[in-house]
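Me: I am new to this structure. Can you walk me through how to read its features, one at a time?

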Amino acid sequence: MKRNLTLTLMTFAMVASLSGCAVGPDYKGAPQIDAGTAFKEAQGFKQANPQDLAPRGKWWEAYNDSTLNGLIDQVQVTNQTVKQFEAQYRQARAAGEVARAAYWPTLGLDLSASRSQSNTSTVSGTGGSQATVQRSAVKNNYGAILNASWEPDIWGKVRRQVEAQDANTQAVAANLAAALLSAQATLAQDYFQLRVIDAQKVLLTQTVDAYQKSLTLTQNQYKAGIVTRADVAQAQTQLLTAQASLTDLGVSRAQLEHAIAILIGKAPANFSLPEQSALTATLPDVPAGVPSDLLQRRPDIASAERAVAQANANVGVATAAMYPALTLSGSGGYQGNEWGNLFDLPNRIWSLGAGLTQPLFEGGLLKAGQQEAEAQYDATVAEYRQTVLGGLQEVEDNLAALRILQDEAQTQDLAVKAAQDSANLALNQYKAGTATYVNVATTQASLLSAERSALDVQQRRFTANVLLIKALGGGWTTAQMTQNQTASAK
């Protein structure tokens with residue numbers, strides 16, 4: 001009778017675990033947020049043609065710089081921060097398998113062997129001639145028992161835990177993509193800044209040569225009594241200042257070279273980047289698309305959304321803790337005094353059992369746990385919406401920067417041309433004796449400042465371009481969260 005009852009309970013539990021509902025709220029999808037229908041700063045922004053860059057895959061190849069391509073290709077393989085996130089992704093996947101293990105019963109095999117001695121006392125004889133006799137017995141005991149235990153997922157607690165862990169795994173996969181994109185974008189920014197410094201070094205080297213010629217000219221005129229000693233001092237000051245600026249560029253270039261080395265996972269001592277006379281990369285046009293695309297294209301937004309899904313599932317886990325827990329157990333095997341006949345039928349033993357646990361009073365612990373999970377869910381919703389808003393701001397900021405810097409670059413080019421004409425005119429007047437060297441120094445300083453400003457604007461345009469691609473997700477999509485993201489070197 002008892003055996004039939006136990007089997008009935010087990011059958012009921014199996015059916016309930018397969019068809020029972022999972023308590024707690026079902027996830028309804030990403031929280032709603034008004035992202036707008038178009039980017040404000042995209043109005044008037046030049047849109048890319050179909051053959052131009054649409055961020056996808058190796059977005060950095062759109063700059064047409066083979067050196068940059070080779071450097072960024074190394075980031076996914078050797079960057080230590082990316083490796084760290086890749087290991088965290090594998091850790092999250094393993095945690096997901098741990099959660100799934102709770103679906104199944106646990107089985108264990110106990111093998112035992114023991115030998116014991118027991119002493120007994122007996123009284124023999126009658127009357128006054130009684131005597132106590134001590135007897136000892138040695139006994140062997142052997143056992144081979146299989147134990148099983150299972151807690152059916154009647155209320156969906158395990159299902160919610162698996163759901164939460166799957167969401168966390170996908171969030172970590174998105175974090176890995178975000179870390180990789182960040183490292184790639186940082187390297188691209190550092191590289192373009194370094195190349196602009198190379199161009200500035202060329203400019204300052206040419207300027208130093210020109211100032212040296214001006215100093216020589218001024219010294220000759222001073223010897224001829226045409227100009228004063230003040231003009232010579234002015235020319236020397238101008239030359240030395242340019243030389244100091246040229247030397248100072250070496251500090252910034254060395255630091256950028258070191259930063260690039262770290263990004264590709266190398267010690268700075270083992271990496272060097274030859275100088276280049278000019279920034280030869282091309283500036284691609286980037287199609288911004290529509291704001292809603294960011295929800296699918298930015299890994300940090302996807303990660304925040306997955307955190308919302310995980311928090312929602314955790315509410316179900318906390319809710320399920322309030323319901324009864326059914327545990328089924330059973331064991332069977334053999335136990336006897338002799339190993340040779342241990343597995344004979346008379347030595348067989350077995351047991352079946354079922355236990356039902358219902359919390360009655362825990363001082364509000366379970367209710368507080370549910371409220372904590374609900375508050376955590378609300379927090380992740382707010383964080384998700386803030387992440388979306390932050391992403392929209394980054395796109396708008398860099399669209400505005402590209403649009404404004406394009407106009408500034410055109411104006412600065414005109415300023416360079418005007419400063420060049422002014423410097424040439426002042427130098428010719430000085431040679432003709434109709435102007436002082438102060439005029440030459442002033443116009444040459446203005447020319448150098450204008451040329452350096454033009455290079456600075458160029459560097460800022462490339463930086464804004466890279467940041468726009470990063471803000472748009474760099475070609476990443478949410479479909480990649482569920483793919484095996486273990487491409488990083490192990």
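**Reading helices and rings**

Reply: Start with two helices: H8 and H9 cross in a left-handed way. Keep in mind that the model is predicted.

Me: At what angle do the axes of helix H8 and helix H9 cross?

Reply: Roughly 160°. Helix H8 covers residues 365-431, helix H9 covers residues 437-471, and their axes come within 7 Å. Angles over 145 degrees count as roughly antiparallel. H8 is therefore roughly antiparallel to H9.

Me: How do the residues of the contact of H8 with H9 divide?

Reply: Into 23 nonpolar, eleven polar and five charged.

Me: What span does H8 reach from its first C-alpha to its last?

Reply: Compare the span with the one expected at 1.5 Å a residue. H8 has 67 residues and reaches 92 Å, close to the expected 99 Å.

Me: Which residue with a positive phi follows H8?

Reply: Gly433 does, with phi near 80°.

Me: Let us turn to rings. How many aromatic pairs does the structure hold?

Reply: Ten. Look at the distance between centres and the angle between planes; planes over 60 degrees apart count as edge-to-face. Tyr142 and Trp339 are such a pair, at 5.7 Å centre to centre and 65° between the planes.

Me: Which parts does the pair of Tyr142 and Trp339 tie together?

Reply: Tyr142 lies in strand E2 (residues 131-150). Trp339 lies in the loop between strand E3 (325-336) and strand E4 (348-357). The pair therefore links parts that are 197 residues apart in sequence.

Me: Is Trp339 buried or exposed?

Reply: Exposed counts as over 50% relative accessible area. Trp339 has 51% relative accessibility, so it counts as exposed.

Me: What kind of pair do Tyr334 and Phe343 form?

Reply: Their ring centres are 5.3 Å apart and their planes stand at 70°, so this pair is edge-to-face. Tyr334 is partly exposed, with a relative accessible area of 24%. Phe343, at 49% relative accessibility, also counts as partly exposed.

Me: Which residues form one aromatic cluster?

Reply: Tyr63, Tyr191, Phe192 and Phe462.

Me: One last residue. Where is the place of Ala137?

Reply: Ala137 sits in strand E2. Its relative accessibility is 41%, so Ala137 counts as partly exposed. Now read along the chain and across space: Ala137 and Thr120 are 17 residues apart along the chain, and their C-alpha atoms are separated by 8.3 Å.

How values were computed
Residues numbered from 1 in each chain as written. Predicted model: local features only at pLDDT ≥ 70, side-chain atom pairs only at ≥ 80, totals over all residues. Heavy atoms only, no water. Axes fitted to C-alpha atoms, helices over the stretch in contact; angles between N-to-C directions. Helix = DSSP H or I, 4+ residues; strand = E, 2+ residues; numbered from the N terminus. Parallel < 35°, antiparallel > 145°, perpendicular 65-115°, else oblique. Left-handed = near helix turned anticlockwise from the far one by under 90°. Nonpolar A, V, L, I, M, F, W, Y, C, P; charged D, E, K, R; others polar. Phe/Tyr/Trp six-rings, centres within 6.5 Å; stacked < 30°, edge-to-face > 60°. Buried < 20%, exposed > 50% of the residue type's maximum accessible area, 1.4 Å probe, protein only. Expected span 1.5 Å × (residues − 1).
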